[in-house]
There are 2 protein chains.
Amino acid sequence: MKTSIATVSISGEFPEKLAAIAAAGFDGVEIFENDFLAFDGSPADVGRMVRDHGLEITLFQPFRDFEGMPEPLRSRTFDRAERKFDIMQQLGTDLVLVCSNVSPAALGGIDRAAADFHELGERAAKRGLKVGYEALAWGRHINDHRDAWEIVRRADHANIGIILDSFHTLSRKIDINSIRSIPKEKIFIVQMADAPLIDMDLLYWSRHFRNMPGEGDLPVVDFTAAVAATGYDGYLSLEIFNDQFRGGSAKAIAADGHRSLIYLGDQVRRNPDASTLTMAEMPERAAVKGIGFVEFSADEADAENLEKILKALGFRRTATHRSKKVSIFEQGGIRLLINTEQQGFANASFAVHGTSAYAIALMVDDAQQAFSRAIALGADPFIQQVADGEVEIPAIRGVGGGLIYLIDANSELGRFAEIDFRPATDDEKIVPTHLQHVDHVAQTVAYDEMLTWLLFYNSIFEAHKTPMVDIIDPAGVVRSQVVENISGTLRITLNGAENRRTLAGHFIAEKFGSGVQHIAFHTDDIFATAAALRANGFQPLTISPNYYGDVEARFGLDPDLTERLKADNILYDRDDHGEYFQLYSSTFGEGFFFEIVQRSGYRGYGAANAIFRIAALKKALRPEGVPKL
Amino acid sequence: MKTSIATVSISGEFPEKLAAIAAAGFDGVEIFENDFLAFDGSPADVGRMVRDHGLEITLFQPFRDFEGMPEPLRSRTFDRAERKFDIMQQLGTDLVLVCSNVSPAALGGIDRAAADFHELGERAAKRGLKVGYEALAWGRHINDHRDAWEIVRRADHANIGIILDSFHTLSRKIDINSIRSIPKEKIFIVQMADAPLIDMDLLYWSRHFRNMPGEGDLPVVDFTAAVAATGYDGYLSLEIFNDQFRGGSAKAIAADGHRSLIYLGDQVRRNPDASTLTMAEMPERAAVKGIGFVEFSADEADAENLEKILKALGFRRTATHRSKKVSIFEQGGIRLLINTEQQGFANASFAVHGTSAYAIALMVDDAQQAFSRAIALGADPFIQQVADGEVEIPAIRGVGGGLIYLIDANSELGRFAEIDFRPATDDEKIVPTHLQHVDHVAQTVAYDEMLTWLLFYNSIFEAHKTPMVDIIDPAGVVRSQVVENISGTLRITLNGAENRRTLAGHFIAEKFGSGVQHIAFHTDDIFATAAALRANGFQPLTISPNYYGDVEARFGLDPDLTERLKADNILYDRDDHGEYFQLYSSTFGEGFFFEIVQRSGYRGYGAANAIFRIAALKKALRPEGVPKL
C-alpha cells in the first residue's frame, strides 16, 4: 500500500501544497487540474517540481462528461481528451480519472459507454497512458461502481480500468462485497474519503463535508478490506473536499491525511482479507487503563492558590520531587502534580500559557509499545531532561503542544513516584471528599482542530468517538465530541470553539491556547462529597435557582432531592442507563476549573446542563453587573 | 401586525439579548425557556426586565412531549405543565407553546391528543392562560399543521389554539392554502423562519440553517399571505436557530430580524389577501436604473496614481468641484469621482481604510421615496455637510459603513454635477477604451455579514438574489452571491470571506474592511478595448498560460480566438445565454482592482474563472518568489 493525496484536499498555492504533501510523508500526489491550471509553470515544470519533492504523480483528474455523448459533442470530447493526454505526457503521469457523465446531453447505455471507453483506451494505449473510470454518486446514468465496473469489463481494454472512491460507494450504501470480485489489475487507483453521517443531498455532502478516513462515520475500513481482498496493494489516495480543510493549515491537514491512511492501512492489515497488503507493522492501539496523573505548571504565587484549592477539594500533598520543584497531591486513585520549576518544559509552558494543566499521563499496558505506535502514526516525541538515576517517561506532544506521558504498571516507569519523589505531608486538617478517579478530562481546542485530535487519540489509543453534540454557550455554539473507551478508563471530551466570546473560545484566545479546560473527578456519593467540600471551605459554582424547578419537573424528582441539589449547587441528568450528578468549581483565574461527578451507569457528559454551567461560570468571571465576556 | 423574536435567535446572555431586541424595535419577545433558566433572576424579575424594555412577552416556549402520553407519564406531563403555568404567571405571559411530541413513548391518535389538550385547556383556563400547539416537521405522530389543527379543532376549547411556524410547514412542502380556512382567533401566534434550500435531514436543517424571512429560499411571503387571508393580524415572531447568528452580534442580528419582518409585512400588505393587515405604509422597492457614480477617497499621493490608472483605463477628467477637492472622471456612461478633501466623511474613511471606493450612487426614479423606504427598513441615514446652494443628496450607510447615494434623473439631484462642479479638461492624449457602463460592483464582506447585506439590498431596492456560488481561493472558500435586477442595471456581487488568507479575507483584514473590492466596466468589444488599453499603457493582470489550453478544449474555441485571448490576458466563459469576456487590472496597492467585461447575453459573473484570476492577483501582489498571502 502506498499513500497519495489530491492537491485539492489542502489549502495553498501549488508549490505550498506540494511542500506540505511531501513533508507529511506521502508517496504520491494526484494533480487536480484547476490547481495546475492556475499555476503559471508549464506542465513539464510541474512534473519536475513534483519529482523534486520525491513524489510520484499518481493521477491527473478530473476529466468530466466523457462517455455516452451524441455527435458532435462526442468528437469534441475525444479531442478534449487528446489535449489532456498531451498535458499528462508533459507532466509525466500515465493515469487520468474520468468521472461518470453528469451532462444532460449524455445518453445512457452500458454498451455505448463501453464502446466509448474502448476507443479512448486505444488512443491512450498509443501514448502509453491509462484511463480510470469512476462512478460519481450523482452521475446522470452511472452512479454505482458496479455499473462502472460493467462498463470497464465490456470495454475490454488493457488501458481502461476502474477507479474506486469510498465516498461514492459508501454514501449510497452500495454493497462493498461487490468489490471483491473485481480483478486487482483492473483497479487503477483507490480514492479514500470519509464523511460525517448527515442525511443530505449527495453532491452537497461530498463537496463540503468529506473528511479524512477515520474522521467521519462511513465504514471506510470495511471498504478498504474489500479492496484489499482483491489483492490490490497500490495507492490509497485521499480526495477530500472540505471547506474547513481548504481554509486550514496545509501542513496540519496534510499530516492528518497521512496519519489517517497509515491508521487505515494498519486496521486493514489486521484483517484476514488483507494478507497481501504491504505496510510497516506497528503495535496495536494502546488500551488506556486510567489517568496516571495530571500535571500543572505554575509560578510560586499561583501554586500557592492552586494548592489551597486542591486541599479544599480534599487532596493531600503526599510527595515532593527529589531534584525538582514538583509536588504530588493525592486522593483516592487521583494524582495531581504541581510543577514550579524555573526551567524546563513546564516553565516554558507556564511562560506562554500561564498556570495550566500542561501534561496528562495515560496508563497503558506497555508504555514503549504505545510510544512506538504513536511515533509510527506521526506523533511528535517529547524528550525530557532528567537527572541521573531518575526515570525517563516516554512522552508525546498532544493538544496545544501539551504533553501526554505514557506510563505502565509493569515497568519501573509506573513506580516513578517512588524513585524520583520522597514522601511529604502537610499539617492542615483536610476532610477527604471521596474523590476516586478522574472521570474525564475536557480539552478545549479551536474548532478546526477537532478532527485532528479525534484522529490522534483514536489512532494511537484503543478508543472510539461519540457523536458530536452542540453545547449552547450564550455567545455561540461549541461542538463537543468525546474520545472514550468501553471500560470508561479513558474519557477525553474535546470542545471546539468557533468564536472567542464563548467561554471555550475565550479560554483559547485569552492566553491558554488549546488545552485542558477542566478535569472531572468521580465520587460515589455526591452529597457526602458536597458536605466534605463545605467542611474544607470549598466554594462551589453557584447555579441559577431557576434551573432546579425545571429539573424537578423534567425528571419528576422528589422535591426533597431537588432541595438537596439546589442547596449544594448540584446539576442533575439522567439517561436510559443511569443518573449523573455534577458539581463545579469556579475558574482558576480565567482558565481551568474542576468538576465533580457521580456517574451511576449514565453514559453521557451532562450536555443538557452545559448552558447552565457556562452561564454560571461566565457570571462568576465578571465583576458585578459588568459583563466581562 | 406586530413583531416579535425568540430569545434563542440571537447571541448573548439574557439582559444583552433583551437590550438588543428592544433596540431593534421589536414589539415583543418569546422567552425561550433555557435562556430564562440559565439567568439567575426570578421569573418576576425577568417579566419586569422585559416590560422595562417596553416589550411584551409574546410566548413562553417550548413545552415538549406533552400529548398522547400513556400513564404514568401522562400524569407527570400534566404536573410538569402546571409548573410551567406557575412560571408563566410569575413572568406575566399568558401563552405557552406545546410542540408535537417526539417521544418514543408517545401514543398516536387524533382523539387521544385532542382529549389531552382539552384537559390542558381546562387547567390553563383556571389561570387565564392559553396553550398553542405546533406541529414539528419531525414530530413522532404529528408533523403537519393540518393534523395539529384537527387536534385543536377537536379539543374544542377556547384556551387551546394552533401555532403556525413557516419552517415546519414550508420545509415539508405542505399546501399553504390549508391555512386559509383556520379561524383567525384560533391562531395564537405565527412563528417565522426562512432557510436556504438544501436537501437534508429536517431536524438538522432546522437546528442549524434557519435564517430570517427573505434571507433564505422558502416561500415565506406566500405563507404569510395565507395567514393574513384568515384575518390574523397579530404577532409575527422570529424563531431562528442558526449557528452563525448564535455566535454573531446580538445587535446586528436583531436589527436584521426586525428588518426582515417589516419587509415581509410590506410584501404581504401589497397582497389582496392581506387587506386586514395593520402596518405602516412605505414606498415600493426602488428600481435602480444604473450606477450614477462611484467615489474614491484618497490622499494626494494616491490620487495621482489612481488618476493615472483611470486615464490608462480611458477615463478623462471632465469636472472639478466648486468648493471641494473632488474630480469627476468620465467615459461612456460611467462617472468616477476622486475625493481628496482633508475633512468630512471621505477623509474620515480614508483615515481608516486608505484609498478606497467608499461611496456608490444608485440612480432611482425618486430619490426621496427610496430614502424613505430605506429609513422605514432601518437603514442609517447619512447627513452630509454642503455649502450654501450646493445639492444635498439623500444617502444611507451601506456595506462597511460606506455610503450609498440615492440620485434621480427627474429632480435637480440628478444634475448635481452641473450645479456643484465646473468643467475641466486635462491635456493628455487618452485613447477611449469603449467602456460604456458599470457592469457590476463587487463588495467583499465578512462571511457572517452576507445575509445582512443581501436583505439590505433586496428589501430596499427592486432586486433578487442569485444562488450562492463557491469561489475557490487557494487559501479557502469564498462564498459569492449576487444582488441583481432583471434589466441588469443593478448588479452587486457580495463575496463573503471566511478567513484572512484568502484574497477577499486579506482585503478585509489588511485595513480596507468590508467594502468595494472591484468595479467591473462593460465594453461591447473586449478586443478593441484591449488594444486601446495597450495604447494607453495599461498593464493587464497576467493570466497563467495553462488556462488557455483548457479553455480552448473545454469550449471548443477556434485556436485563433484562444491566441487572441491569451495575448490580451482575457478570460472566457459561456452559458446557455451567451458569452463573457473578462480582463483585469492588478490591485491598487493591496486593495481594490478593476475588471472589464464584455457580456453578450451571459447571465453569470465568471465564477469558474475566479480561481485563475485570484491566483494571478495573489501572484502580482507578492515580490518574486516570496508568497505574501
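**Annotated site, chain A**

I began with the UniProt annotation "binding site", which comes from an unreviewed entry and covers His440(A), His518(A) and Glu595(A). These residues span 156 residues in sequence, yet no two of their C-alpha atoms are more than 9.3 Å apart, so they gather at one spot. I kept in mind that UniProt positions are given in the numbering used here, that feature names are shortened, and that annotations may be inferred rather than shown by experiment.

I noted the ground rules next: this is a predicted model, in which local features need pLDDT of at least 70 and side-chain atom pairs count only at pLDDT 80 or more, while totals for chains, interfaces and linings use all residues. Residues are numbered from 1 along each chain as its sequence is written, chains are lettered from A and ligands numbered from 1 in the order in which they are written, and side-chain values use heavy atoms, with hydrogens and water left out.

I then looked up where His440(A) sits, and found it in strand β18 (residues 435–446) of chain A; strands (E, at least two residues) and helices (H or I, at least four) are DSSP runs, numbered from the N terminus. His440(A) has 2% relative accessibility and therefore counts as buried, the classes being buried under 20% relative accessible area, exposed over 50% and partly exposed in between (1.4 Å probe, protein chains only).

His518(A) lies in strand β23 (residues 515–523) of chain A, and at 5% relative accessibility it counts as buried. Leaving aside neighbours within four places in sequence, the contacts of His518(A) include both His440(A) and Glu595(A), and also Tyr584(A) and Phe593(A).

**His157(A)**

I checked another histidine, His157(A), in the loop between α6 (145–155) and β6 (160–165) of chain A. With 8% relative accessibility, His157(A) counts as buried. Its side chain reaches the backbone oxygen of Gly121(A) at 3.5 Å. Beyond four places in sequence, His157(A) also touches His118(A), Glu122(A), Ala125(A) and Lys186(A).

**Strand β26, chain B**

Which strands pair with β26(B)? Strand β23 (residues 515–523) of chain B runs parallel to β26(B) and is joined to it by five bridges, with His522(B) partnered by Val597(B). On the antiparallel side of the list, strand β25 (residues 578–584) of chain B pairs with β26(B) over five bridges, and there Leu583(B) stands opposite Ile596(B). I used the rule that two strands pair if DSSP finds at least two bridges between them. β26(B) itself (residues 593–600) is mostly covered, with seven of its eight residues buried.

**Hairpin, chain A**

I found that β10(A) (residues 316–321) and β11(A) (residues 326–331) run antiparallel and are joined by four bridges, forming a hairpin with four residues between them; Arg316(A) has Glu330(A) as its bridge partner. β10(A) is also joined by three bridges to the antiparallel strand β17 (residues 421–423) of chain A, where Ala319(A) is partnered by Pro423(A).

Key
Contact means heavy atoms within 4.5 Å. A polar contact is a pair of N or O atoms within 3.5 Å; within protein, one must be able to donate a hydrogen and the other to accept it, and residues adjacent in sequence count only if both atoms are side-chain atoms.
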